[in-house]
Amino acid sequence: MKPFVPKLVYFEPEALSYPLGKELYEKFTQMGIKIRETTSHNQVRGIPGETELARYRNAKSTLVVGVRRTLKFDSSKPSAEYAIPLATGCMGHCHYCYLQTTLGSKPYIRVYVNLDDIFAQAQKYINERAPEITRFEAACTSDIVGIDHLTHSLKKAIEFIGATDYGRLRFVTKYEHVDHLLDARHNGKTRFRFSINSRYVINHFEPGTSSFDGRLAAARKVAGAGYKLGFVVAPIYRHEGWERGYFELFQELARQLEGMDLSDLTFELIQHRFTKPAKRVIEQRYPKTRLDLDETKRKYKWGRYGIGKYVYRDEEAKELEDTMRRYIEQFFPGAYVQYFT
């Protein structure tokens with residue numbers, strides 16, 4: 001697929017006082033993209049569209065260039081200590097995505113240009129924890145790879161972490177546009193992860209993202225560039241013929257990666273889940289979706305923050321986990337499965 005190009009760009013005036021802000025303004029001006037001004041990346045108004053659905057779709061192709069003023073990083077998932085804030089939002093239209101509700105009325109894509117401030121804060125966290133390793137996740141609220149051909153913020157972050165003694169970086173993507181990252185001086189301190197799934201899930205629920213084959217070809221490039229490699233199989237979805245679909249996924253993945261160094265390969269396994277608020281938003285934004293959101297077929301599971309979610313029933317979840325682990329053992333016997341959830 002072609003790399004993402006926004007149809008509309010907003011700039012905070014303060015963003016133009018940073019080198020990356022000036023660079024992006026000149027780039028988008030030369031590309032002939034319509035540019036507007038906004039007082040804050042959190043308060044963007046005037047995105048075109050006669051209906052809420054039309055405005056949502058237009059927001060997905062709108063880029064906002066701003067300054068990240070809150071430099072206290074969020075605590076990340078168990079596999080990383082902090083989320084490093086390079087961008088927020090995604091141009092993909094994955095029907096099940098948790099960003100549907102967490103970003104709420106702000107589905108546009110935001111990039112932050114005060115990279116020196118962000119990296120200085122990251123260094124502070126590294127220094128506080130040294131000599132322990134401090135891991136940063138760069139894709140908690142975005143698919144950073146999908147926009148990095150425009151900003152190179154991720155490439156700069158990779159090289160920043162690569163120059164530290166105790167920092168590590170990780171991120172996940174559904175996009176194939178990795179060529180500009182292959183020569184980054186990562187020094188083995190970045191884990192490059194790809195979100196993968198059966199062809200059924202990608203074809204039906206992940207519009208606006210790279211294809212199954214595109215992601216696998218990109219993974220081979222990344223492995224060849226010496227990055228640590230990982231795969232996030234998510235969401236694992238019980239569609240008709242799912243056993244065969246996921247078998248083909250791992251079979252093809254093994255074929256594509258044949259001959260590559262996979263001595264430090266990781267997998268993360270995440271079953272499909274949804275919340276009541278997410279279901280309302282998904283059905284509003286993707287009214288023709290085939291995604292099965294029937295609560296009566298699911299188990300209700302309380303979350304850490306008091307927000308419950310619907311997951312597969314115990315016996316179905318166990319079947320999913322056992323099947324995925326068996327396929328991984330068959331095709332990647334040396335790989336490490338970090339978790340199933």
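Cys94 touches Gln100, Lys174, Phe205, Glu206, Pro207 and Thr209 in this predicted model, not counting residues up to four places away in sequence; contact here means heavy atoms within 4.5 Å. The residue sits in the loop between strand 5 and helix 3, where helices (H or I, at least four residues) and strands (E, at least two) are DSSP runs numbered from the N terminus. With 7% relative accessibility, Cys94 counts as buried, the cut-offs being under 20% relative accessible area for buried, over 50% for exposed and in between for partly exposed (1.4 Å probe, protein chains only). As for the ground rules, residues are numbered from 1 along each chain as its sequence is written, and side-chain values use heavy atoms, with hydrogens and water left out. Since this is a predicted model, local features need pLDDT of at least 70 and side-chain atom pairs count only at pLDDT 80 or more, while totals for chains, interfaces and linings use all residues.

Cys94 also turns up in the UniProt record, where an unreviewed entry lists Cys90, Cys94 and Cys97 under "binding site". UniProt positions are given in the numbering used here, feature names are shortened, and annotations may be inferred rather than shown by experiment. Of these residues, Cys90 is included in the lining of the largest cavity. Cys90 lies in the loop between strand 5 (87–88) and helix 3 (99–102), and counts as buried at 14% relative accessibility. Leaving aside neighbours within four places in sequence, the contacts of Cys90 are Lys60, Leu99, Pro107, Ile109, Asp143 and Tyr175.

On to the cavity itself. Rolling a probe the size of a water molecule over the atoms shows where empty space is left. On a 1 Å grid over the protein atoms alone, a cavity is a set of points where a 1.4 Å probe fits but cannot get out, and lining residues have an atom within 4 Å of a point. Grid points are joined across faces, edges and corners, and a volume is the space filled by probe spheres set on the points. The structure holds one cavity of 30 Å³ or more, and the largest cavity comes out at about 60 Å³. Its lining is made up of Tyr56, Lys60, Gly89, Cys90, Leu99, Gln100, Leu103, Pro107 and Arg285.

Seven strands form an open sheet in the order 4-7-8-9-10-11-14, with parallel pairing; two strands pair if DSSP finds at least two bridges between them. Strand 4 (82–83) and strand 14 (336–340) are at the edges with a single partner strand each, so one side of each is left without a neighbour in the sheet. Helix 9 (residues 242–256) lies across strand 9 (190–196), strand 10 and strand 11, and runs at about 170° to strand 10; axes are lines fitted to C-alpha atoms, for helices over the stretch in contact, and angles run from 0 to 180 degrees between N-to-C directions.

Five strands make another open sheet, in the order 2-1-3-6-5 and with mixed pairing. Its edge strands are strand 2 (34–37) and strand 5, each pairing on one side only. Strand 1 (residues 8–11) and strand 2 run parallel and are joined by four bridges, with Val9 standing opposite Ile35 in strand 2.

Ser61 is placed in the loop between helix 2 (52–59) and strand 3 (62–66), and is buried at a relative accessible area of 12%. Setting aside neighbours within four places in sequence, Ser61 is in contact with Phe4, Pro6, Lys7 and Leu8.

A cis peptide bond joins Ala130 and Pro131, with omega about 5°, and Pro131 is in the loop between helix 4 (115–129) and strand 7 (134–137). The bond from Ala234 to Pro235 is cis as well, with omega near -10°; Pro235 lies in strand 10. His152, not a glycine, has a positive phi of about 60°. His152 sits in the loop between helix 5 (145–151) and helix 6 (153–162) and is partly exposed at 28%. Asn187 likewise has a positive phi, near 55°, but counts as exposed at 55% relative accessibility, in the loop between strand 8 (167–173) and strand 9.

Key
1 Å grid on protein atoms, 1.4 Å probe; cavity = no way out; pocket = protein on both sides within 12 Å on 5 of 7 lines; lining within 4 Å.
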